[in-house]
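Hi,

Here is the structure I promised to pass on. Have a look at it first, and then read my notes below.

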Amino acid sequence: MDDAKGLRIVMVAAEAAPYAKVGGLGDVVGALPRALEKLGARVAVVIPAYGDATAGAHPAAPCREVPGFDVTLGGVTEPAGIFHAVMPESGVDVYRVASRRYFARAGVYDDPATREGYPDNMERFVFFMKAAVGLVARLTPPFDVIHCHDSHAGLVPGVILENYDRVPALARARTVFTIHNLAYQGVFPREALALAGIAPRRFYPGSPFEFWGKVNFMKAGIALAHAVTTVSPTYAEEVQTPEMGVGLDGVLRERKADLHGIINGIDYGEWNPVSDPLIPARFSALRMEGKAACKKDLLESFGLGATAKRIPLVGMVSRLADQKGFDLVAEAMPRLARLDMQLVVLGTGQQKYHDMLRDIAARYPDRVAVHLGFDNALAHRVEAGCDLFLMPSRYEPCGLNQLYSLRYGTIPVVHRTGGLADTVVPYDGERGTGFSFPDYTADALLRALQDALHAYSDVAAWKRLVRRAMTRNWSWDASARRYLAVYRKGCDEGAAW
Ligand code: ADP
Ligand code: GLC
């Protein structure tokens, strides 16, 4: 249990549950630190302080060790306030970087009023990254590993190389960059580099900071971190192809030797039907009565009447973004509505999908119900109350909802891509845990759903399938050990602790 004893790790990210969560990034940065801590590491997390850090369900206090400092952005100086809290049920230090100018507002990336990204996201996140590096440099003792997540922490390795290469506390550290979603790269005008304090001479065609005449935070992270990871083995392969590399496949192929696919785990403290306080009745693989109660409750709260026949309830919980396959759902809808099933959708995101789902629900009121919003408790109830979970993502780096579904005995139906391919084993009547379709088409999706409905009609076989799905282990322990191996690789090379 002392594999990581003494190792000091700091994570830099835009989200960490329970403080800030838009999608799975928040779950991962909320859970992985605690899993690493269980293996003996000392872990800290740095995120922005959205809204008021001293208010809400998880208030923080002004940090005593580092109360705050000025950050220069180009020619302007902006104060950063630092708030500190300890993550629930752990010793993980969480530092939140406050700024009246950049973070004293409700949204994480998007303005809730417009559903569009804030116009000053470049300044907001360059400020955050510079403040995060400044904070890490001030905290003692120094960290061995600086683990940066996604584009909003992508410039961190570059900022360290450029401005802190003589600061022993930072120069010694290993940097690790994790790609959670290659589609969100953080591409901004060249001015971003000036704000970050990176010399203009670093910007030339093909440099880590240059991407078609602009600055790309994700590219810089991939190119400059000591090691790069992404959140499933299949996605690690996919991103190296021109089809799925979103313009960065070449950069990723160059880092092939240092690129690792590590599947996400589940935080069983939060997602466990045996103990979940957010669902109306609890259940386990051996005592399933509670699941029926959850289904009844869910149908009622979505305004779908319970049917006399045993028909499956299919659920979706998702950001409403192009990635998530709602175009396929819309295309399949007229045929889907003729199948013996009901569908509930919980989601929020792009306006066009809000409109589309509202329209579908209005057209098929006894078949489909939607809740447009972000509601964590309802997400738990959808996982618990459904029979099937639909995830037709166009691409999916890992995906957490299919893992939650497996745990809650809600059989996933997924597009066979990325982490979905790695976690859902096709059911063949005896083995397997779910249904997956290889082609990204409405026809393929419908075929997989039909297979699932057919399987559902065999009550005894279905029970066995559900039990098998529920007893699969997706805890963080094994994945945290893989991250340790990546951190340690630096050690073997003599660079880290
Ligand atoms: P992604 O990170 O691409 O959004 P994941 O499947 O990895 O996809 O993680 C999504 C996370 O966000 C899950 O924890 C899911 O329950 C949660 N989530 C997504 N949309 C909503 C919503 N509308 N309300 C509550 N939780 C949501
Ligand atoms: C991203 C991906 C998702 C992944 C999550 C956490 O948002 O879209 O597939 O599970 O990050 O790694």
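Let's start with two residues inside the protein: both W271 and Y408 are buried, where buried means under 20% relative accessible area, exposed means over 50% and partly exposed is in between (1.4 Å probe, protein chains only). A word on the ground rules: this is a predicted model, in which local features need pLDDT of at least 70 and side-chain atom pairs count only at pLDDT 80 or more, while totals for chains, interfaces and linings use all residues. Residues are numbered from 1 along each chain as its sequence is written, chains are lettered from A and ligands numbered from 1 in the order in which they are written, and side-chain values use heavy atoms, with hydrogens and water left out.

Now the rings. There are 14 aromatic pairs in the structure; rings of Phe, Tyr and Trp (its six-membered ring) pair if their centres lie within 6.5 Å, and planes under 30 degrees apart count as stacked, over 60 as edge-to-face and the rest as tilted. Take F103 and F127: their ring centres are 6.4 Å apart and their planes are at 45°, so this pair is tilted. F103 sits in the loop between β6 (93–98) and β7 (110–111) and F127 in helix α2 (residues 121–138), so the pair ties together parts 24 residues apart in sequence. (Helices, H or I with at least four residues, and strands, E with at least two, are DSSP runs numbered from the N terminus.) F103 is buried, at 0% relative accessible area, and F127 counts as buried at 0% too.

Back to W271 and Y408: with ring centres 6.3 Å apart and planes at 80°, they make an edge-to-face pair. Y50, Y102, F103, Y109, F125 and F127 form one aromatic cluster.

Next, the ligand. Which residues are closest to ligand 2? They are H180, N264, E396, C398 and G399, out of 14 that surround it (a residue is near if one of its heavy atoms lies within 4 Å). For polar contacts (N or O atoms within 3.5 Å; within protein, one must be able to donate a hydrogen and the other to accept it, and residues adjacent in sequence count only if both atoms are side-chain atoms), an oxygen atom of ligand 2 lies 2.5 Å from a side-chain N or O atom of E396. For Q323, again with a side-chain N or O atom, the distance to a ligand 2 oxygen is 3.0 Å. Helix α1 (residues 24–38) gives the largest share of the shell, 3 residues.

Cheers
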